[in-house]
Amino acid sequence: MSQLHPPLLAFGFLNNTLLWGAILAGIPILIHLLSKRRYRRLRWAAQEWLLAALKKSARRIKLEQLLLLALRTLLILFVVIAIARPYSERPALAVLAPRRTHRVVVLDASLSMGVSLGGVSRFERAVELAGAIARMSRRGDGLSIILAQRPARVVIPGPDVQTEAALAELAALRVTHGQADLAGALNLAAQLFASSRNPNRELYILTDLQRSTWTAQEIAPSILAELGPETAVIVVDVGGEVEVPNIAILDLRLDDRLAVTARPASVTARLRNLGSKPFQGYGVTLIVNGRSVARRVVDLDPGATVEVNFEATFTEPGFQRLKVAGDEDVLPLDNSRWLSVPARERVRVLCIDGEPMSEPFASECDYLALALSPTAELDPQLSPFLAEVRPEADLIDLDLSPYDLVVLANVGQLTESEASKLRAYVRAGGNLLVTLGSQVNADNYNEVLFSGDDPLLPVVLGPKVGDPVEKTSVFRLDPLEYRHPIVKPFEGAPAATLLSTMTYAYQKVRVGEEKGHDVNWVLAFDSGDPAVLVGKYGEGDVGLWTTSIDDDWTTWPVWPSYVPVIQELVRYLVATDVGRWNLQVGEVVSIPSVAGLLDLPVTVAAPGRQTVERLWDAARGPFHFDGTQVGGFVEVTVGPPVAQTYVFALNPPVEESDLTRLDSAEINRLLPGMNVRYVRDVDVSVGDDSPQARARTGELHRPFLYAALVILVLESLLACRLGQPR
Amino acid sequence: MTQEAYVEHIRKYLDPKTVASLAGLGLQARTVVEGYLSGMHRSPYHGVSVEFVQHREYVPGDDIRHVDWKVWSRTDKYYLKQYEEETNLRAYFWLDCSESMSYSSGPISKFQYARLVVAALSYLVLQQQDSAGLVLFDESVRQYVRASNQPSHIKQLLHVLESAEPSGKTKLGTCFHELAERLEGRSLVIVVSDFFGDVDDILSGVQHLRHKRHDVIAMQIVDGAEVDFPFRDSTLFEGMEELPDVLTDPRALRAAYQREFHGFLRRLERGCRSRGVDYVLIRTDSLLDKALSAYLAARNRRLQRR
């Protein structure tokens, strides 16, 4: 944007064409000339004195007529000039315009504003226009700038502001990778107007009119009422009319529930062609921890969605940074997706054996351990699970934190301290599977695990059902229509023998309905009682296997369905919580509180921002960080003394990739009762070359109108005094 | 008669527009005089001081109450008694017949108004047993009717008046000088004119009349438009009496014109009064009583001086 310095009396007109109206200024002269030719005749007796009067007054009359003629000509000329909207760039003349205006500029900072055509993005264009509006300000005018990101924020509260300072603030603004909180921005605007004393209000909304920006949230009538019809709403369309082709990567997901270093993980990227033309040879690359590992090229028909599968290998445990990057198009911000995956080396399972035996497959955990690692004898590294069996006596002394899952297998009873330890372990993110059997003291379990204000699962263990010795009753499994994902793979696979499993005894369980606890049924017995239940507790998962995990009460361990059910159940319980680490742009990054830790140093490295360092009182509450307006990875390092890095991935909302736009009629419907003016960006002043920009800094049409009014009064007085007809 | 009734009466008989609508100048004159006098509550024919001077022969129309029956008994002829004031007043009406008198902005021109005034006054004079004479003039004396107190004289006067038409230029001063020489004895000269002309010249003529011991009443007849100059639109004023035309915007010139015209009126009035001349300015849109009142006031003053 050039910075021109026009001369002191630099005049111009916004409506040059209207200057042709200056021809009308010749009308009084024409009338004067015509009146000389049109007169009435009168025979007059007192001619002698008329001649004498004329002789004495001829010059004065001529002068007065010329003066009146000049005033009338000027009157028309000034009105025409005022209509043509003259302006002067210089403040010296701009002060003639008396109106004080408070302008609030709302900048749409949603992702779609990142569309770049001709090297300038819509957002950059909007910032440019905002700068032009800032330069309109005269002495006494107010200016406020609001960034309509999510949540909306006031960049410059105003109303008093230095233009140069405002321009500097504007230059620092960047488009976000999220949606715009337009309703919030308008609410802020209403508040700013309410606190302003300027009588004239102008609200500029610089937007690309992308549909989701305007329709994602309803603008509350109370906000519109507060703005009021006296606020001139100028919707400036920076979107242009050209249809924009756009390919977006809608998401990147981990196909497996587990991410371990032991096995490659499958990830899938989903792409969509949101334009109206087919796209050939669109390339996408998977980048794992900063290293490109695979590239695929796909063809996309208009409106088509294509899934691209990749295999990712994680060499080190911990957070894995996965990014899929597509070839750039006009909206590069939706050509990338990020995925943060906490990967383990292997899933460590601690089996607390309540019925240890020396003979093979006599102990309670023998079948479980084999099911978790069926290839252990061939190659222990092939299995993602590593089972460790310990007697129940070790439970109280063991550090449970290295384990991903603790299995209480037919443990007779638990002490209060053991129960508390387990509760703390699960609350912090550990997982627990309780399997029942002949050793289990149901009353003890009910008392220490499943009752009270803080039950691990809201269930009540009842009496044993069936006789495993006499095998008088046989209970078959009910898959409950395969609704649960653990048994979903068995649907339509009768050869998997899930339904032919025979169970002779199980512990009856009554499922409570306490609030805050969701207990999901995975499998039931044909008697209607639950066979496998899962639920959440704190950050972890809890499972309940109501029969024995070995073959004491059931033939399940020796049936083919046992291994996949166990593996799926464990995978489910220890599944990597990808959702927790993968957020949408604008969402708040949070880390749960840690008991006993105060003033932890926290370092946050977020995309598009400088590194933030804070102290976190971890014992008092969770850590929150909301500077998440740009897509990418956010690294939160907590400690020391607990040195831990959490990696969050921020992804743009898919709605922003759809570049469908609203038209002006729809905007009027969305802003009912408002004084809305819809203008294209080309109609708005930008830079010193634009007449509008210069005009706004020193519009002079009002002074000209006032001058015309003064002339009108003067002309009336003079005509009255001189006895001239109007 | 109440005040309102009187005003209505005056309006009825003295409104020039109303009177002008009557047929014949004689009827008009009589209507004016009768109307005017009846409103005064007294008769002009009675109650004046009388001193017998001579007899004159009766003519039809004379009041038989003034017949001297003693003379009739001796001579078998009808003679009327004549009294001093009735025989000594000789009134001459000088009517301006120049072109400028033809101007009219309304229904009655200055000349028509002036003629009506002269006719009414003549009628009144003759009714009062005085002598009335008439002079029509423009740049020179156009017609001269000697004064007579015969009641029938009115017919001649009215005939002359009715046949007169305004035309030609005015030379008031010259006419005044000429007439001052022609008049015999002391007379009451009532000049009915717009007096448009050179004021000094006019006053010189008036001075001449006064020098000849004539009493003079100057009745200046002007049109309302000549005083108010109410014109608005661009107008070509065509001059009378050979004066040039003027195209002008009358509203722009109004004030200056009025200054000039009123200056002329003031000079004339002052000139007249300084020479012992009664001056009456009469607008053609005003009631006719003003002229009659002016005449009667002058007549009274004349009688009182004796």
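Predicted model: local features only at pLDDT ≥ 70, side-chain atom pairs only at ≥ 80, totals over all residues.

Visitor: Let us begin with chain A. How many helices and strands are there in chain A?

Guide: Chain A has 16 helices and 35 strands. Of its 726 residues, 53% are buried. Among the contacts in chain A with a separation of 6 or more, 74% join residues 24 or more positions apart.

Visitor: How should I read a sheet, and what is the order of strands in the open sheet of three strands in chain A?

Guide: Strands of a sheet pair through backbone hydrogen bonds, in either a parallel or an antiparallel manner. In chain A, the open sheet of three strands has the order E11-E12-E15, and the pairing is antiparallel. Strand E11 (247–254) and strand E15 (305–312) of chain A are the edge strands, each pairing on one side only. On average, neighbouring strands of this sheet are turned by 20° against each other, direction ignored.

Visitor: How many bridges join strand E12 of chain A to E15(A)?

Guide: Eight bridges link strand E12 (residues 265–273) of chain A with E15(A), in the antiparallel sense.

Visitor: Next, the side chains of a strand. Which side chains of strand E30 of chain A are buried?

Guide: In strand E30 (residues 600–605) of chain A the side chains alternate between two faces.

Visitor: With which strands does E30(A) pair?

Guide: E30(A) pairs with strand E31 (residues 612–616) of chain A in the antiparallel sense, over five bridges. Strand E33 (residues 632–638) of chain A also runs antiparallel to E30(A), and four bridges join them. A:Val604 takes part in both pairings: its bridge partner in E31(A) is A:Val612, and in E33(A) it is A:Val636.

Visitor: What is to be noted in the hairpin of E30(A) and E31(A)?

Guide: Six residues lie between the two strands of this hairpin, and A:Gly608 takes a positive phi near 75°.

Visitor: Let us turn to helices. At what angle do helix H1 and helix H2 of chain A pack?

Guide: The angle between helix H1 (residues 27–37) and helix H2 (residues 47–83) of chain A is about 140°, and their axes are 9 Å apart. H1(A) and H2(A) are therefore oblique to each other. In this contact A:Pro28, A:Ile29, A:His32 and A:Lys36 of H1(A) meet A:Gln65, A:Leu69, A:Arg72, A:Thr73 and A:Ile76 of H2(A). By class, four of the contact residues are nonpolar, three polar and two charged.

Visitor: How are H6(B) and H7(B) oriented to each other?

Guide: The axes of helix H6 (residues 110–127) and helix H7 (residues 153–163) of chain B come within 10 Å and cross at roughly 175°. These helices, H6(B) and H7(B), are therefore roughly antiparallel to each other. Their contact has eight nonpolar, two polar and two charged residues, including B:Val118 and B:Leu126 of H6(B) and B:Ile154 and B:Leu161 of H7(B).

Visitor: Finally, how many residues of each chain take part in the contact of chain B with chain A?

Guide: Chain B contributes 32 residues and chain A 28 residues. Together the chains bury about 2,900 Å², of which 63% is on carbon and sulfur atoms. Within chain B, the most area is lost to chain A by B:Glu238, B:Arg251 and B:Glu260, which together account for 20% of what that side buries.

Note on methods. Residues numbered from 1 in each chain as written. Chains lettered and ligands numbered in written order. Heavy atoms only, no water. Buried < 20%, exposed > 50% of the residue type's maximum accessible area, 1.4 Å probe, protein only. Pairing = 2+ DSSP bridges. Axes fitted to C-alpha atoms, helices over the stretch in contact; angles between N-to-C directions. Parallel < 35°, antiparallel > 145°, perpendicular 65-115°, else oblique. Contact = heavy atoms within 4.5 Å. Nonpolar A, V, L, I, M, F, W, Y, C, P; charged D, E, K, R; others polar. Buried area = accessible area lost by both parts, 1.4 Å probe.
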